[in-house]
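Trainee: I've got a new model open and I'd like to go through it with you. Can we take it piece by piece?

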Amino acid sequence: MTTETARQGRTKKRSVGADLVIPIMAAGYALYYIYTVLDYPTEAQINGLFLGIVLCLLVVVLLARVAAQWFRGEVDFGMQRLLAPLSMIPSRLVFLGLTIAYIVVIPWFGFTLTTFLFVLGSLLALGVRSKKLLVLMPLLSAAGGYIFFIAMLNTRFPKGPVEHFLAGMF
Amino acid sequence: MELSADTVLELFLHSLSLWWVIVPAIVVGIIMGAIPGFAAHNTIIILLPLTLMVPVEVALTFMVALYCATHLGGGIPAILMNIPGTGGAAATTLDGHEMAKQGKAQQALVLAFAASTLGGLITSIVTLFALPVLSLVGYYVHSVEMVVIMLFGLTLIAVIAAEDTVKGLIAGFFGLMLGAMGADHVYAAPRGTFGLLELFDGVPLIPALIGLFAISEAFVMIEQETIVSSKGQDRAQRASWADTFEGLRIAAANWWHIVWTSFIGLLVGVLPGAGASIGAFVAYQQSRFFSKEPEKYGTGYAKGVLAPEAANNGVTSGTLVPLLAIGIPGGSTAAVMMIVLQFHGVPFGPRLFVESPLLAFGVIMSMVVAYIFMILTILPMARYLAKVTVIPTRLLAPMIVAFTLVGAFVPRSFVFDLGVAVAFGVIGYIARKTGYHVAAILIGVILGPLVEQSYIRALRISLGDPLVLFSSTLGNVLWVMLVLSLAMPYILNWLRRRKAAQAAS
């Protein structure tokens with residue numbers, strides 16, 4: 001009976017660890033900002049100091065509230081809210097990795113080829129196995145992007161082998 | 001200049017004759033508005049050479065129609081994918097996307113289109129006749145009032161958007177803090193930039209918008225099969241004209257709601273710097289405040305779509321008022337229009353009404369005509385656009401990331417900005433999953449530099465006395481409203497609990 005009650009108590013607890021990520025990030029940035037303006041003239045300091053102090057006070061209020069809830073046994077510091085669903089963590093990480101890779105390689109590969117590779121890689125990472133989709137979607141997005149953004153709007157995207165080849169052709 | 005019936009008719013017919021400019025501008029505007037990052041001003045900048053080659057009235061008509069259409073287009077991805085195409089559509093996500101998740105995307109789109117066009121049409125007509133009076137609003141709003149207005153707007157967003165007020169305020173002030181990043185306006189001293197030169201001008205707004213809304217949404221999106229919940233699948237699959245007519249019926253039944261929320265947009269638009277984001281959120285908050293069913297807001301409630309969409313199109317005519325009347329652009333698009341006017345040697349401000357009155361009123365009239373064309377163009381598209389919500393998210397997410405990153409690159413052409421978008425994407429993802437609404441962060445980022453400018457100006461005028469913030473009557477009224485809006489959720493909760501306790505006893 002006691003074990004059952006304890007288990008029920010555990011399951012009833014809300015996980016609030018993830019809720020603290022943004023406040024900690026915000027307070028960290030506020031303190032860093034204040035540190036960077038310490039030696040500046042008052043006019044350059046005043047806005048940051050005002051905002052930083054209010055932000056830190058708000059974070060303290062939130063932390064105090066969470067501490068009170070923790071003392072009452074209502075919450076724990078689990079990160080489930082952020083990480084769930086756990087089965088999707090690998091897909092999310094690969095997708096994020098591909099997004100970062102997109103930015104890293106675009107200066108060399110150019111917009112069109114990078115978009116093609118990014119869409120293809122992401123579709124594979126997210127479990128798409130249809131050959132038709134794997135060919136058509138990257139091709140259409142790269143070609144559509146090239147026609148609309150580069151050929152029509154003349155947007156100054158990084159140029160790569162595809163752009164140079166097409167520029168030579170037309 | 002007095003506007004006689006003949007002049008109005010003449011202006012209307014003249015604007016109508018420019019349909020060949022208006023229709024392409026609407027199409028381009030809707031497409032650009034729907035792509036996060038391609039707001040009206042950078043689209044106009046891309047097309048600036050074209051606008052400089054044609055006569056000034058044609059150029060202005062094109063820009064005005066494109067401007068109005070982008071505000072309408074911004075609501076499309078906000079509803080379908082929870083990604084506002086423009087900052088002004090951020091408030092539309094609250095109820096619009098909820099409707100889409102329930103399989104009512106088509107109806108939500110029709111509500112947005114109807115509210116946008118009707119709201120824009122009404123405010124344009126009002127602006128046409130009340131331009132001299134409206135222009136006076138700007139004279140009563142100084143730096144002190146601007147600080148309070150911006151903090152008030154941020155507070156409203158914090159209270160509306162987040163799960164609880166403290167979390168909302170943390171998100172808002174975090175945004176303000178990020179917005180204060182960059183070189184100081186007076187001494188050019190870099191603050192909070194991590195030593196990165198690319199951040200000396202502050203956080204680039206478009207990459208921040210794209211990261212917070214689009215990238216983070218793509219990451220949340222891949223955790224489910226489709227945008228529509230399993231319950232709404234059937235309804236979303238059989239989207240038909242009946243849903244369009246149902247949306248129109250709801251919009252018609254709420255015509256008064258559209259009218260007064262569009263007026264909120266108009267008034268906010270007149271204030272230089274306030275913009276569509278604040279206008280839409282203020283209208284949403286007011287709509288909820290005066291509603292008999294406030295608990296329905298945020299759950300896919302029709303009035304929650306009508307209010308922000310009517311307001312953000314009301315802002316479009318409002319932002320032109322300070323430009324036309326006193327020569328101060330009310331927003332970035334108005335600033336680009338000012339450049340075109342300057343290029344053509346047209347005087348702006350009060351002299352515009354003396355030297356080229358027909359051009360000044362013609363700009364507003366072309367807005368009226370653009371909205372009339374818009375309702376005819378966009379309504380039939382709703383049922384086809386709604387189908388986006390049934391596309392599997394594993395196909396949508398990569399496309400969203402690829403094409404919105406493009407938008408992050410456009411304004412400054414820095415690859416660095418793509419990194420900013422991803423960094424904000426991570427912040428947005430954490431915020432979404434933990435109940436800190438991304439809209440509050442974004443509005444903070446937008447307002448950060450504006451608050452600083454007004455605050456420093458007010459302090460300079462008062463020789464450094466911070467009490468200057470409480471020195472004006474209008475400012476003090478706004479402070480009281482700010483405190484009331486913060487206290488209201490607690491007061492309402494207390495009243496509700498008391499009522500429940502009384503009923504139980």
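Trainee: Where is the kink in H20(B) centred?
Mentor: Keep in mind that this is a predicted model. The kink is centred on Val363(B), and the bend there is about 30°.

Trainee: How many residues does helix H20 of chain B have, and how far does it reach?
Mentor: H20 of chain B covers residues 357–378, which is 22 residues. From its first C-alpha to its last it reaches 32 Å, close to the 32 Å expected at 1.5 Å a residue.

Trainee: How many of the residues of H20(B) are buried?
Mentor: 16 of the 22 are buried, so H20(B) is largely enclosed by the rest of the structure.

Trainee: New topic: the interface. How much area do chain B and chain A bury between them?
Mentor: About 5,800 Å², and 79% of it is on carbon and sulfur atoms. The size of an interface is often given this way, as the accessible area lost when the parts come together.

Trainee: How many residues does the contact take from each chain?
Mentor: Chain B gives 65 residues and chain A gives 63 residues.

Trainee: How many salt bridges cross the interface of chain B and chain A?
Mentor: The rule finds four there. One salt bridge joins Arg65(A) to Asp164(B), with the closest N and O atoms 2.9 Å apart. There are also 14 residue pairs in polar contact between chain B and chain A.

Trainee: Which elements of chain B touch chain A?
Mentor: Several give two or more residues to that side, including helix H2 (19–34), helix H11 (165–179) and helix H22 (393–409) of chain B. Strand S2 (190–191) of chain B is also among them. H22(B) provides the largest share, eleven residues.

Trainee: Which residues are linked in a network of salt bridges?
Mentor: Asp19(A), Arg81(A) and Lys167(B) are linked that way.

Trainee: How many salt bridges are there over all chains?
Mentor: A search of the whole structure finds 14. Take Arg249(B) and Glu246(B), whose side chains meet at 3.1 Å, N to O. Both lie in helix H14 of chain B, three residues apart, about one turn of the helix.

Trainee: Why does that spacing point them the same way?
Mentor: An α-helix has 3.6 residues a turn, so residues three or four places apart point the same way.

Trainee: What does Asp417(B) pair with?
Mentor: Asp417(B) forms a salt bridge with Arg412(B), where the closest N and O atoms are 2.8 Å apart. Asp417(B) counts as buried because its relative accessibility is 0%. Arg412(B) counts as partly exposed at 22%.

Trainee: Which backbone oxygen does the side chain of Thr117(B) reach at 2.7 Å?
Mentor: That of Phe113(B). The backbone oxygen of Ala114(B) also lies 3.2 Å from a polar atom of the Thr117(B) side chain.

Trainee: What else does Thr117(B) touch?
Mentor: Leaving out residues up to four places away in sequence, Thr117(B) touches Leu72(B), Tyr371(B), Met374(B) and Ile375(B).

Trainee: What is the phi of Asn82(B)?
Mentor: Positive, about 65°, although Asn82(B) is not a glycine. Leu463(B) is not a glycine either, and its phi is about 55°.

Note on methods: Residues numbered from 1 in each chain as written. Chains lettered and ligands numbered in written order. Predicted model: local features only at pLDDT ≥ 70, side-chain atom pairs only at ≥ 80, totals over all residues. Heavy atoms only, no water. Helix = DSSP H or I, 4+ residues; strand = E, 2+ residues; numbered from the N terminus. Expected span 1.5 Å × (residues − 1). Bend = angle between axes of the 7 residues up to and from the residue. Buried < 20%, exposed > 50% of the residue type's maximum accessible area, 1.4 Å probe, protein only. Contact = heavy atoms within 4.5 Å. Buried area = accessible area lost by both parts, 1.4 Å probe. Polar contact = N/O pair within 3.5 Å; in protein donor to acceptor, adjacent residues only side chain to side chain.
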